[in-house]
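Please look over the following model with attention to its helix packing, its sheet pairing and its backbone geometry. The report below takes these topics in turn.

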Amino acid sequence: MHDARDLALARLPSGVPVRTTVHVYGEGRLVDGPDGPELDAPADGGPVVYAQAAQHGREVNGTAVLRRLHERLTGSGGDATDAGPEGDLGDGGLAGTLVTVPVADPLTFDRVSYTTPESLDAIHSNMNRCWPGDADGTLHERMAARLWRFAGAADAVVDLHTGSPAMLTHAVYMRDDAACRGLAEAFGTDLLLAEAAGEEADAEWAERGFAGKLRVAATREGIPTVTPELAHSREVVPEAVDAGVDGMVGVLRHEGLLPGEPAPWSGTVARNHLGRVEAADSGLFTPERGLSVGDEVAAGDRLGVVHDPTTFEPLQTAAADRDGIVYSIAREATVTAGATLVGVAERLEE
């Protein structure tokens, strides 16, 4: 069974509604509520999994993942030009309910952007900083609150994101949370990044408002959550979509919606948001020749140079501050002070 409904998330100053579409597969169904569609999942109908994509509008591979998953669940085929793993999954056989929102933030999607302009939300330009939202709050808080009605009722949440072109595909989960770790392993990326929260986190975590992430809000409510970061933004990349579809199938198996077990996981766990090598000054960044995501580096290894583009003066020799795995490299050469040049993930023994 599959159902899809138009969902009004909020309204613009002109009165024009901000709309998206919510899909439901399996045992649950959508029913009319006072503010639009609501989920009706039978108490004895198995677990509920919520998945969303394009919370940041330029991160489109997650949207493509949910489309391909839809085709496999409903047997609706698809375009042979981007065909992925073979075999229909048959949503009639789901032992539970899957809820998906392919475009969580239509405002950033239309602008192919990460955030909205200040004129639309001067307080929370980034939707992923204000969960679980506020029905009477700013524009993004209202949008998050409307989606939280679905996410907050789930037994597991997958928040699909997309990194930069030069980023190692990975999944982020709440450190020291066994249920989140199990969900991340089920998604199956070779690299898992464990993110500490609250008093366990570094100062930057609070400074950047990470307490308002969907993953953090859901985990605090006891809902296991994972944030996959599929490589490449602004373009649909078949390999990234394949990884996302495989990951979603693994999650559905882990949660019992599909028969079988997810593939065994034997990858690497590392720390998130630490080890980033930042630009000490603005200029033109040239990565070290041959440096690639996935490379092992040691503290002190040279990673690239920032030059003054007008005088050719070297402003900074970027070096790793710890041993670890290179998981991101800035390929947009023009950088400003404070921008991340290279991300180095420090291994954890977990």
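Helices (H or I, at least four residues) and strands (E, at least two) are DSSP runs, numbered from the N terminus, and the expected span of a helix is 1.5 Å times one less than its number of residues. This is a predicted model, in which local features need pLDDT of at least 70 and side-chain atom pairs count only at pLDDT 80 or more, while totals for chains, interfaces and linings use all residues. Residues are numbered from 1 along each chain as its sequence is written, and side-chain values use heavy atoms, with hydrogens and water left out.

**Helix H7 and the cores**

With 17 residues, H7 reaches 24 Å from its first C-alpha to its last, close to the 24 Å expected at 1.5 Å a residue. Among the residues of H7 that are buried are Ala240, Val241, Gly244, Met248 and Leu252, where buried means under 20% relative accessible area, exposed over 50%, and partly exposed in between (1.4 Å probe, protein chains only). The cover over these buried residues includes strand S5 (48-52), helix H1 (61-74), strand S6 (97-101), strand S7 (156-159), H4 and S11. Just after H7, glycine 256 takes a positive phi of about 90°.

A nonpolar core is here a set of buried Ala, Val, Leu, Ile, Met, Phe, Trp, Tyr and Cys residues joined through side-chain atoms within 4.5 Å. The largest such core has 41 residues, of which Leu98, Val158 and Met248 touch the most other members. At least two residues of this core come from each of S5, H1, S7, S9, H4, strand S10 (191-195), S11 and H7, and H7 gives the most, with seven residues. Counting contact as heavy atoms within 4.5 Å, and leaving aside neighbours within four places in sequence, leucine 98 is in contact with residues including His23, Tyr25, Val49, Leu69, Met248 and Leu257. A second, separate core of 30 residues includes Leu7, Leu30, Tyr50 and Leu147.

**An antiparallel sheet**

Four strands form an open sheet in the order S17-S16-S14-S19, with antiparallel pairing; two strands pair if DSSP finds at least two bridges between them. The edge strands, each pairing on one side only, are strand S17 (314-319) and strand S19 (334-335). Strand S16 (residues 302-307) pairs with S17 over five bridges in the antiparallel sense, and valine 306 stands opposite glutamine 316 in S17.

**Backbone geometry in loops**

Most residues other than glycine have a negative phi, and most peptide bonds are trans. The table lists departures from that pattern.

| Site | Backbone value |
|---|---|
| Tryptophan 131 and proline 132 | cis peptide bond, omega about 5° |
| Aspartate 176 | positive phi of about 65° |
| Histidine 232 | positive phi near 85° |

Proline 132 lies in the loop between helix H2 (106-111) and helix H3 (139-151). Aspartate 176 is placed in the loop between strand S9 (170-174) and helix H4 (178-187), and this residue is exposed, with a relative accessible area of 66%. Histidine 232 is found in the loop between strand S11 (225-230) and helix H7 (238-254).

**Cysteines**

With a disulfide taken as a pair of cysteine sulfur atoms within 2.5 Å, a search of the whole structure finds zero disulfides. For cysteine 130, the nearest cysteine sulfur is that of cysteine 180, 20 Å away. Cysteine 130 is buried, with a relative accessible area of 7%, and cysteine 180 is also buried, at a relative accessible area of 0%.
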